[in-house]
Amino acid sequence: MDICLKITEELQVQKWQVEAAVKLIDEGNTIPFISRYRKEATGALNDEQLRNLYERLQYLRNLEEKKEQVLGSIEEQGLLTDELREKILAAETMVLVEDLYRPYRPKRKTRASVAKAKGLQPLADYICEQNAQAPLLEEAAKYVQDGDNPVETAEEALQGAMDIIAESISDNADYRKDIRETTMREGVIASSAKDPEAQSVYEMYYAFEEPVKKIAGHRILALNRGEAEKMLTVKVVAPVDKILLYLEKKTILNENPYTKPVLQETIADSYDRLIAPAIEREVRNELTEKAEDGAISVFGKNLEQLLLQPPIAGKVVLGWDPAFRTGCKLAVVDATGKVLDTKVIYPTAPQNKVQEAKAELKKLIDKYKVDVISVGNGTASRESEQVIVELLKEISRPVQYIIVNEAGASVYSASKLATEEFPNFDVGQRSAASIARRLQDPLAELVKIDPKSIGVGQYQHDMNQKKLGEALSGVVEDSVNRVGVDLNTASAPLLEYISGITKTIAKNIVDYREKNGKFKNRAQLLNVAKLGPKAYEQCAGFMRISDGDNPLDATSVHPESYGAALQLLSKLGLDKNDIRVNFAKNSKNDSDNTVEKVPNSGENSSMTSKMTGISKMLSSLDKKSLAAELGIGEMTLTDIMEELKKPARDPREDMPKPILRSDVLEMKDLKPGMILKGTVRNVIDFGAFVDIGVHQDGLVHISQMTERYIKHPLEAVRLGDIVDVQVLSVDEAKKRISLTMKISAPN
């Protein structure tokens, strides 16, 4: 198999792109590096395309390796024919290779192998010839024998021969392939309750049927979970009559009155005992794998949106980890993420010390000039929010609050990493600090948590954990590298996700920084233990130094392109130091979302005027001829030009800003027809959950998202989106809120 050609067809790109990407991967380059800095080589394949390519490359290479093993095994047995070799080499899936290998695979003891040991293969061959002139028991009687493998009766001999034939039918790869396809095309997934009287979340599946070819992935995962919890019995109902007729046409060659009924019985036994259970397993495995792939994809997209939420920069944040009996843990964190103070207050049951809690909160807000309160959405969140809203009405400082998803905070707070980071804090204080920091910079904080523990997926605990972990790690890696990291402030867990950086090297970078002070330039990375030239090539462009020796180190321009960048600046009448003013403007704009007016005097004014027109100057250049002159590709030149227009721009700027609140709604306040603004908290196969500020996320079903037909909610919304929704219905007893994005005029 031409692997590159196969991937080319699947990805619908050019073969030279695939070949270039494979070569770069084999040379040890990471996906983020190839995507960002080798665009000319791959024709600008993006992160997602490259990861799909890498996944298929691994699968197809493993497939080719499996084929070699199978061919070698069959050849050793002296049974390899040219036709079989061609079939194996042409197989495009592991399942087909296994089907072809099945007759030659060393088998455990079976009814057929026992019959063969008794010398009944000739009788089986006789039956398959279908030329019998007398009842088969007469022929079978010839095989009755004593000895080590006795055959005591003609009936036993005939049954043994039928077992041999049944296994032979079962081992036929073509039959299995056709039966599998028929079952996938015409079969039905059916489920029933083990206890129809039991109340559970699986009640809709107590008497459930749906065609295999139509069933949605989330239903498959729900059925699997219900079966695992012993609430449901799940089976694949195949078109048995059609399959048996197919096998009879393939096996019964004439209407011989002696062999036909025996073969019909044998075919039914082969299907019921050997083929059907295996095909059912394979069909369900395939459905589960597709469902898992879909769920992992959705989880990955949700995680990406969560990681790339815009940071709330330049704010002092009070993190609030709500609880009842043990009290609410607070942590005040300054604009740089440093923990300034921690407290425990008891405004919730059973203590209900609301006034004492408010007094402590007022002291903290006044002392540290708190701007925002970040409240976890866990237990006692609603009661905590009520206290906060009352408090905000009693103080003069303009403080706002936000409910953040605290999924994973408890996992982090009890981890070795958190213990090392906050050795003098208990788990509650660490959790409060994490809740505050994930508002200030979600990416930097969330990378400390196992991606699977961040609650933005569905059925994540039921699926292949290795595949899920690898996929989510890839999402985190792509997200971190897309944003880049500040080399002088990034934590080791954040650095680990940078292209080319291992866990050991990340720790060594932090150790080097603590021993030698701030990095002044990217080249100093080569002084870090175990960080060699290859790792430097992979990581350098993603490391940022905002106040170092070389202003280009603060940008995403790779050191290998510094020469070209300097030549470009020279052509514009600028030098690298002119970047500093533009970078300073960007940093200011990013932190307060306002346009800073640089003073119109002195050297700063001169440099500002130079940089102000850079976009216009760059736009007027002939990229093709300029790229040739600078000795770089047009795509690389475009990236450099974009970076010079707005150095160190954070791609998270484009994401919707989180909604900060100062008041609260309750479910009882909601009425059908109300129009509200909310934040998409989770996207699943059948809809999206939207936070509208009432402690219970509302569901927008996929049918209520848009007037146009969509196959998946991700076509309409992404996690973190700010959307307008209208209340359809409210069920306080079941805590269910139904919303629509297809807003109609209020009555």
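**View 1. Buried residues of helix α31 in a predicted model.** Thr 636, Leu 637, Asp 639, Ile 640, Met 641, Glu 643 and Leu 644 of α31 are buried (under 20% relative accessible area, 1.4 Å probe, protein chains only). Helices are DSSP runs of H or I, at least four residues, numbered from the N terminus. Helix α31 (residues 634-645) has twelve residues and should span 16 Å at 1.5 Å a residue (1.5 Å times one less than the number of residues). Its end C-alpha atoms are 16 Å apart, which agrees.

The model is predicted: local features need pLDDT of at least 70, side-chain atom pairs count only at pLDDT 80 or more, and totals for chains, interfaces and linings use all residues. Residues are numbered from 1 along each chain as its sequence is written, and side-chain values use heavy atoms, without hydrogens or water.

**View 2. The largest nonpolar core.** This core has 118 residues. Helix α15 (residues 260-307) gives the most to it, with 16 residues. A nonpolar core joins buried Ala, Val, Leu, Ile, Met, Phe, Trp, Tyr and Cys residues through side-chain atoms within 4.5 Å. Ile 509 and Met 543 have the most contacts inside the core. A second, separate core has 28 residues, including Ile 7, Leu 50, Leu 53 and Tyr 101.

**View 3. The α5 and α6 pair.** The axes of helix α5 (residues 47-76) and helix α6 (residues 82-90) come within 10 Å and cross at roughly 165° (lines fitted to C-alpha atoms over the stretch in contact; angles run from 0 to 180 degrees between N-to-C directions). That makes α5 roughly antiparallel to α6 (over 145 degrees). Lys 67, Val 70, Leu 71, Ile 74 and Glu 75 of α5 meet Leu 84, Arg 85, Ile 88, Leu 89 and Ala 90 of α6 (contact: heavy atoms within 4.5 Å).

How values were computed. Buried < 20%, exposed > 50% of the residue type's maximum accessible area, 1.4 Å probe, protein only. Helix = DSSP H or I, 4+ residues; strand = E, 2+ residues; numbered from the N terminus. Parallel < 35°, antiparallel > 145°, perpendicular 65-115°, else oblique.
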